[in-house]
Every structure is written in structure tokens, then in C-alpha cells.
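Please read them with the structure open beside you.

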Amino acid sequence: MTMVRANGITLHTQRLDPPGPAADGRTGPTPTAVLIHGMASDTMASWYFTLAEPLSRAGFPTVLYDLRGHGRSDRPATGYALDDFVDDLVGLLAAQDVTGPLLLLGNSFGGTIAFGYAARHPERVAGIVTIESAPPTPEWMRRVRERLARVAARLPRDGAVTEIGVRRGRVAAQRAAETQRMLSDTTLAQELPASPLPPAGALAAIGCPVLCLYGGDSAVVELAPAVRELLPQTRVEVLPDQRHTVLIDRPEEVRRLVFAWLAEDCSLDVTQSTTA
């Protein structure tokens, strides 16, 4: 793991190189897989323990990083609009000399960052995978605003973090406490919901294959029809009886669906080992 300067801040990142030739059995350059985690209580660890190594073993150069304000990356007091997160990704790729095609994978709001990057640089993106996410549309950002407002109102209450620990365990309590510190130390809860959004035409012009995974019991699945209307090439997969934490709760099924999509929709050779 290394610390990289990008867009004026220091980002905590890790790069996993394939064990063999990255382009073995493929025509053209192999995309670099960039794994983008979700907002507030998430870090790159959610990808590290689920898909990072399988992707690397399958021949994809793989990059993970902690978003600004998260994990071991810098936590500036301001600078939390969607454009800031996309600018960080642009800077990170330049700092790591990643110049070829990209396979962007985003969990929750990480998927929104992936779509935001693709709206700016459609020629760079060979495919997008999102889990419990949506493009940066007004409806999705309305949901983000409401979610952040609920969290910001709840966590500072006396006993809130302890209650989370009793119901969901020590790790959940630690994440809740870290989220509380981040929301109190930064303007994320105010800036992110007010982000300028990419033009609808720029989002609709994203032409690469798209895979969207949803938990069947999550409210985010309600957005699937709108995503397919905006991007008709999208393959939607719904995992029954799952909620927003589907990446962590069902990593084997997520891996199976992602690698099937890579082979069938992206025509990429994924015959190498993909097991955890």
C-alpha cells in the first residue's frame, strides 16, 4: 500500500499486478480495474476482501484507493462535491501512469463516481460495474441527500454508536464512530448533495457495457428501470433477500455475476482462476 499525491491531496492506494501476462489470450490492451468504494462508512477494504485479488489473478491490473476523507487518505475540511471525487480519480490515474482502458467498479456512491468519470471521459472506459448504485441523476442525488441528513442527525445523539454496536457488532460501531467524525470534521453532508451534475446527454452518451447489481430488499433497486432507460445497454442483476451491503454479504455471487458479465458482455477472457 502506498500514499499518492493527486489533485492536491494524498490518497491511500494499493495496486495489484497480475501474476502473469495481463493480456494473455486477449486482443488489445487489458483494462485496468479501478475499484471505488462507497461513501461515509466504507473504505477500499470492502473491495480488497471481495474482488480485488480475483480480478488481479484473472489478468487485470487492479487499483484500489480510499476516497478523500475516508480510510487513510487525507481528510480536508472542504472539497466534497462529485467533481472533487472525479478529479481525485483523474489525478490518481495520472500519478500511477495508468493510460490504457479502464474497467470501473463502484460500490454504492463509488458507482456514481464511476459514472461521473465516464461522462467526462467515455473514450477511456471499457466497462462499468456498480453495486447498489446509480448514475448522478437528480433522483439519485435526492436520495443521497436524505440518507446523509438522516445519518448526520442520528449519529451525534447520545448512545447512538453504542446502540449500533449492540445491534450490529463492534466493526459496525467503529465504522459509525468514524462516520460521525468525518461528518463533523468536513462539509461532506452539505457539499455532496448540492453537487453540480453531469449533463443528462453526457450520461446518456456512455456507450460501454454496464452491469448494475442490486439487493432485492434494498430501496436502491427501485432505480433500476431508470438506469436502463438512460443506458439501455445495462445488464441488471438482482440478488434476492439482500440489502445495501450485498458486496460484503454475498461476495461469491457478486464475483460470479461480474465474471460472467466480463466474458459475455465485454468479450474478455476470464478463464484464469477467479475464486477467493
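1. Start with β5, which is covered on both faces. L102, L104 and G106 are buried on one side, and L103, L105 and N107 are buried on the other. Buried here means under 20% relative accessible area, exposed means over 50%, and partly exposed lies in between (1.4 Å probe, protein chains only). Six of the six residues of β5 are buried, so the strand is largely enclosed by the rest of the structure. Helices (H or I, at least four residues) and strands (E, at least two) are DSSP runs, numbered from the N terminus.

2. A word on the source. This is a predicted model, in which local features need pLDDT of at least 70 and side-chain atom pairs count only at pLDDT 80 or more, while totals for chains, interfaces and linings use all residues. Residues are numbered from 1 along each chain as its sequence is written, and side-chain values use heavy atoms, with hydrogens and water left out.

3. Now the whole chain. The protein chain has eleven helices and eight strands. Of its 276 residues, 53% count as buried. Its accessible surface comes to about 11,800 Å², and 52% of that belongs to carbon and sulfur atoms. These areas come from the Shrake-Rupley method with a 1.4 Å probe; for residues, only the protein chains shown count as cover. Take the contacts between residues at least 6 apart in sequence: 74% of them join residues at least 24 apart. Contact means heavy atoms within 4.5 Å.

4. Two strands pair if DSSP finds at least two bridges between them. Strands of a sheet pair through backbone hydrogen bonds, either parallel or antiparallel.

5. Next, the partners of β5. Five bridges join β3 to β5, and these strands run parallel. L35 has L105 as its bridge partner in β5. β5 also pairs with β6 (residues 125-131) in the parallel sense, over six bridges. There, the bridge partner of L105 in β6 is V129.

6. Then β4. T62 and L64 point one way from this strand, V63 and Y65 point the other way, and all are buried. β3 (residues 32-36) and β4 (residues 62-65) pair in the parallel sense over four bridges. V34 has V63 as its bridge partner in β4, and I36 stands opposite Y65. β2 and β4 pair in the antiparallel sense, also over four bridges. Here Q14 stands opposite L64.

7. Which residues of α3 are buried? Eleven of the twelve are, so this helix is largely enclosed by the rest of the structure. The buried residues are F109, G110, G111, T112, I113, A114, F115, G116, Y117, A118 and A119. At 1.5 Å a residue, α3 should span 16 Å, and its end C-alpha atoms are 17 Å apart, which agrees. The expected span is 1.5 Å times one less than the number of residues.

8. Look at α1 (residues 45-57) for a bend. A kink of about 50 degrees lies at L51, shortly before the proline P54. The bend at a residue is the angle between axes fitted to the seven residues ending there and the seven starting there. α1 has 13 residues and reaches 18 Å from its first C-alpha to its last, close to the 18 Å expected. Its buried residues include W47, L51 and P54. Just after α1, G59 takes a positive phi of about 105 degrees.

9. Finally, two backbone points to check. N7 has a positive phi of about 55 degrees although it is not a glycine. N7 lies in the loop between β1 (2-6) and β2 (9-16), and is partly exposed, with a relative accessible area of 37%. S108 is not a glycine either, and its phi is near 55 degrees, a positive value. S108 is in the loop between β5 (102-107) and α3 (109-120). At 15% relative accessibility, S108 counts as buried.
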